[in-house]
Amino acid sequence: MLLFLVSSLLWLLAGGALSLVHSAQLHTVGFFASVEWLTFGRVQAAAESALVYGWVANSGFLACWWMLGRLGGSGTRGAAISLFAAFFWNLGVTLGVLGILAGDLGVYPFFHMPAQIVPLLGVAYCAFALAGVLAWKDREEDAGFAAQWYAVAALYAFPWVCSAAYVMLKFHVLPGVSQAVLAAWAGDGLRLLWIAPIALAAAYYLVPKITGATLPGYSYAHLGFWSLVLFAPWVGTRQLAGGPVPVWVPTLGIACGFLLVVHYLVVASNLKIAFSRAHKSQVLRFVQLGIASYLLLGLCDIVFSLRGVAACTQFTHIAEARQSLLVFGVFTPAILGVFYFLLPRLTGRAWASEGLITSHFTCTWFGLLLLVVGYGVAGFEQGLGLADPKQGFDVIAASMKPWLLIATHGIGIVLLGAVFMLVNFVFHLLPAAKPVTDLSTHAVTPAS
Amino acid sequence: MKNNPVLFIGVFGSLALSWVAVVWGSHVQTDKLGLQYDPLENVANPAPLPGVAARGQLVYQDLGCGACHTQQIRRQTYAYDIARGWGERQSVARDYMLQSRPQFGLTRQGPDLTNYQIRASKDGITAAKLHEKLYTGSKVMPSFAFLYTEEPVSGEKSNRALSLATPRGSQLVASERAESLVAYLLSLKQDYALPEAPAAELAAENK
């Protein structure tokens, strides 16, 4: 388990560093321009792949596996299988990111991994999922908690969406616009049915544990879950509004987007107690940030899919702002919460420094704020600039520059926070670390 | 939610159903499109990319050009694309039917390139000038100098040499990749008429 934790943190740092280069290139075009491997388009694809396949996959799997084992009351099984999986998965992602930097990248977001790497990742993922499913099958109580449904759904959805996308984009290639439709369908599939459910599982797991209260309206959690599973696969194509595809395709996506409101309402009403109780828990603060970002992102997804808005915001940095909000706002804080909660229970020792956790949290929310505001405002400047045919691209770039600088600082601060966590983790592993005396400082009702 | 199969079938079924309806449904619809024969010019549109340009499309993809340049025109009543002079009509599915690597693009840090050939010939941008543009970059586009090599001149200058100033006795030579990329960029156009996408002026008249 520690292997997953370390490798995912290293990927967060690697992906963050690549994002930093990418972000700097947005306002300083000459940055690393002389190095072919670090040309703009490749760095963007590599940064995204490192974050999605390195950070999200590793940490998300660790979180799901652990939560399923805990909630099922069976403990975690399949340690040998998951060790095998971790090795080959990380080997595959490393080769894939290098391959992207060498020029073997795709055209569509989320699906840049070189074709040669995909089978390796597929095998490693099957081993991953096996360990997760074992923990779910072994569960002693049959009722199943909301956290379990979301975690299992994420583990199931990822291979279906990814295999459909990679097979039809890289091996048996669909022609023309069908590719764009497929990539839009699969891209939102990963965002809404893999990345978001892992964060939701973490929230549904941690909030009742830390506050010690039952979630309000928990009987509706079914409704929230199934509305996500049933509607989310239909909404991806809303991003194609105005594109060269049959008009019904984006229209269907936009309409189904509104049905997702049911899901967001249930999540909001279930998890609102995370905010109403004044708990001095470090973990809970991370989870709060994740929940707030998730609801904000849901609102943004719906607003920016409206045709009138999309005409202006399509093809701008708004996409970058939303991606940052998903990865660094929804997923990362929720998972960091799980990590901070999990490690003392795994090793039986407290985190080395509370101060570093506080600093990490400050970096996480402040960096996120700068990122989202920076990219968001730059995106609006860009959209308005593009809509005025008289404005040249140098004028638009100049108007965006200060905001993009802010975003670059944001990613730097997020990265600094991750360094704090790594330092804390290294000190934790040193023999001098203090044994855990009182788990409640980390925020718990009885350990499960 | 007591049993595993409900969850498993639920997730799989929902994904499969939406895939069949949206992805496969639209594929069946667009796959039926055929080429449009133009009797005046005696050509069928869209034409496939010529060989060098098809190689250039690979270079375009491997450099990630689509991160900043789109290749799709949205209709005039919807967005600014045609007002910016990027095309005469909106792009439609048929325009891309022969392409196995369409480059729709992600953002617009630079202009749309759907009709770059037409714009370039209007602005007098020849292949040589485009090479120089790629070599030097601009305020908003990074330089792609790594596609060019500085070589000593032995005898005559190479016919691939750029006319940019270089130290005495050396020349900047375009690599094969640069040549294909330029050939690709200078082949981009969607200027033929299609029944489902009349030129913007025509569409306005019909109203």
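This is a predicted model: local features need pLDDT of at least 70, side-chain atom pairs count only at pLDDT 80 or more; totals for chains, interfaces and linings use all residues.
**Stop 1: where the chains meet.** Select chain A and chain B in two colours. Their contact takes in 76 residues from chain A and 67 residues from chain B. Together the two chains bury about 6100 Å² between them, with 67% of that on carbon and sulfur atoms. There are 2 salt bridges between chain B and chain A. To see a salt bridge, show A:Glu36 and B:Arg177, whose closest N and O atoms are 2.8 Å apart.

**Stop 2: the inside.** Next, pick A:Tyr53, A:Trp55, A:Trp89, A:Phe111 and A:Trp194, the residues with the most contacts inside the largest nonpolar core, which has 181 residues. Colour helix H6 of chain A (residues 177–211) as well: with 25 residues, H6 gives this core its largest share. Then zoom in on A:Trp194. Which residues does A:Trp194 touch, leaving aside neighbours within four places in sequence? They are A:Val52, A:Val56, A:Ala57, A:Ala154, A:Phe158 and A:Gly189. A second, separate core has 23 residues, among them B:Ala53, B:Tyr60, B:Ala178 and B:Leu185.

**Stop 3: a nonpolar patch outside.** Now select A:Phe258, A:Val261, A:Leu265, A:Leu296, A:Leu299, A:Val303 and A:Leu306, which make up a nonpolar surface patch with about 590 Å² of accessible area together. Helices H9 (261–271) and H11 (282–305) of chain A each supply at least two of the patch residues, and the largest share, 3 residues, comes from H11 of chain A. Finish on A:Leu296, which sits in helix H11 of chain A.

Methods: Residues are numbered from 1 along each chain as its sequence is written. Chains are lettered from A and ligands numbered from 1 in the order in which they are written. Side-chain values use heavy atoms; hydrogens and water are left out. Patches are made of residues with over 30% relative accessible area and no salt bridge: like charges are joined within 9 Å, nonpolar side chains (Val, Leu, Ile, Met, Phe, Trp, Tyr) within 5 Å. Accessible areas come from the Shrake-Rupley method with a 1.4 Å probe; for residues, only the protein chains shown count as cover. A salt bridge is a side-chain nitrogen of Lys or Arg within 4 Å of a carboxyl oxygen of Asp or Glu. Helices (H or I, at least four residues) and strands (E, at least two) are DSSP runs, numbered from the N terminus. A nonpolar core is a set of buried Ala, Val, Leu, Ile, Met, Phe, Trp, Tyr and Cys residues joined through side-chain atoms within 4.5 Å. Buried means under 20% relative accessible area, exposed over 50%, partly exposed in between (1.4 Å probe, protein chains only). Contact means heavy atoms within 4.5 Å. Buried area is the accessible area (1.4 Å probe) that two parts lose on being put together, summed over both.
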